[in-house]
Amino acid sequence: MSRSPYLVYSPELLSYNFGPQHPFNPLRIKLTIDLMQDIGLFKPGCVMPPSDAQLEDLLLVHENHYIDAVKRTGGNGAADEQDTQYYELGTEDNPIFAKMHEAACLLVGSTLSGAKRILSGQADHALNLSGGLHHAQRAKASGFCIYNDLAVAIAFFRKQGMKVVYVDIDAHHGDGVQWMFYDDPNVLTVSLHESGRYLFPGTGTIYERGSRAGFGYAVNIPLEPFTEDCSFVEVFDKVVPKVIAQFKPDIIVSQHGCDSHEFDPLAHLSLTTNSFAHAANGLHRLAHKYCSGRWLAAGGGGYDFWRVVPRVWSALWAEMLEESVPERVPQHWLDKYKKFVKVSLPETMKDDPAAFPPKPRRDEISEKNILSVEKTMDPKFLMKGDPEQATIVCR
Ligand SMILES: [Zn+2]
Ligand SMILES: [Zn+2]
């Protein structure tokens with residue numbers, strides 16, 4: 001018998017805002033919540049407000065001097081040269097905004113609120129669409145991410161002695177989370193992303209497997225640009241269920257960035273809504289099969305916030321609720337927003353595959369992706385936790 005899932009949300013979460021010119025625009029969350037309301041999925045009994053993360057929560061994964069720098073720059077409204085040089089605060093990717101620390105704390109607190117609700121047994125699943133800030137590092141902002149809400153939640157579960165699998169399907173490599181638990185054999189990180197040859201942050205090769213006792217507990221599948229649904233689904237199915245079955249985690253923590261969609265302006269993958277629905281459904285089933293239902297999910301990247309994010313993330317929440325989405329995007333939502341955009345808004349909740357003609361190099365791309373899967377899943381390395389083998393690989 002499953003317990004109801006929780007969506008962690010309050011309008012205050014929209015305060016994490018780098019300004020109108022920045023791609024990480026909180027409007028994408030507002031558009032998604034509005035769509036959920038229009039399709040009847042924003043159920044008051046399943047929505048919980050976030051609480052702030054405390055300093056001790058942030059310190060689970062971040063350095064105190066970095067937190068001080070975030071507080072100071074957000075308080076001043078500006079960064080000095082050192083803040084930019086050492087902490088990457090005040091860069092083009094991570095500009096300073098007023099009360100940045102407070103806004104970032106609330107994002108972390110939201111994911112943590114979901115984590116606590118799952119741990120207490122009040123919920124099987126929880127979702128924080130404002131979270132998923134997978135690039136933030138111990139003492140550095142990175143790629144629009146100030147604090148790493150996912151890593152804080154994972155560290156929280158680790159404190160309870162739990163084994164955690166982290167699955168990241170954002171177009172960008174889940175580097176921040178990976179590096180924070182690179183030595184830990186009780187955290188298996190799995191990232192399916194566009195190859196770092198072509199995209200920020202440049203990491204996530206098949207050779208990043210973890211270190212020391214954590215050797216074999218980082219799993220990376222770098223996908224070729226223009227990867228389509230058929231290849232993504234094949235890769236997901238060959239990797240995620242297998243590593244979870246072998247690892248036997250207590251909880252799944254997942255990041256659902258949808259910047260791997262064909263329309264996304266920042267990355268070069270060619271997925272449609274079908275891949276995201278497949279991943280959400282797969283993780284949901286695996287959570288019930290191996291983790292007594294425990295599944296904590298977050299949003300992440302996604303920069304076509306008119307055409308992609310609201311539909312993909314509404315469908316993710318519908319998956320948690322075990323409800324289906326309607327065939328058509330409600331007219332009320334389309335009428336409300338179509339006057340603001342030059343592009344035409346999709347009228348169906350799911351993409352029609354016929355509207356996405358096959359890419360010319362489809363077979364070659366699929367073959368390359370499967371080659372990466374075979375190398376990554378090599379039993380000589382996977383979940384070995386053997387420092388000797390780590391040495392061999394590094395040579
Ligand atoms: Zn991304
Ligand atoms: Zn469920």
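Q: Are Tyr-66 and Tyr-87 buried or exposed?
A: This is a predicted model, and the call rests on relative accessible area, where buried means under 20%. In this model, both Tyr-66 and Tyr-87 are buried.

Q: How is the aromatic pair of Phe-144 and Tyr-303 arranged?
A: The ring centres of Phe-144 and Tyr-303 are 5.8 Å apart, and their planes meet at 85°. An angle over 60 degrees counts as edge-to-face. So the arrangement of Phe-144 and Tyr-303 is edge-to-face.

Q: How many residues apart in sequence are the parts that Phe-144 and Tyr-303 tie together?
A: Phe-144 lies in the loop between strand E3 (125–128) and helix H6 (149–159). Tyr-303 lies in the loop between strand E8 (295–298) and helix H10 (309–321). The pair therefore ties together parts whose separation in sequence is 159 residues.

Q: Which ring does Arg-28 lie over?
A: Look at the cluster that ring pairs build, with Phe-24 and Phe-144 among its members. Arg-28 sits 4.2 Å from the centre of one ring, over its face, and that ring belongs to Phe-24.

Q: What is the relative accessible area of Val-235?
A: Val-235 lies in helix H8 (residues 229–247). Beyond its neighbours within four places in sequence, Val-235 has contacts including Leu-192, Ile-221 and Val-373. Val-235 is buried, and its relative accessible area is 0%.

Methods
Residues are numbered from 1 along each chain as its sequence is written. Chains are lettered from A and ligands numbered from 1 in the order in which they are written. This is a predicted model: local features need pLDDT of at least 70, side-chain atom pairs count only at pLDDT 80 or more; totals for chains, interfaces and linings use all residues. Side-chain values use heavy atoms; hydrogens and water are left out. Helices (H or I, at least four residues) and strands (E, at least two) are DSSP runs, numbered from the N terminus. Buried means under 20% relative accessible area, exposed over 50%, partly exposed in between (1.4 Å probe, protein chains only). Contact means heavy atoms within 4.5 Å. Rings of Phe, Tyr and Trp (its six-membered ring) pair if their centres lie within 6.5 Å; planes under 30 degrees apart count as stacked, over 60 as edge-to-face and the rest as tilted. A charge sits over a ring if NZ of Lys or CZ of Arg is within 6 Å of the ring centre and within 35 degrees of the ring normal.
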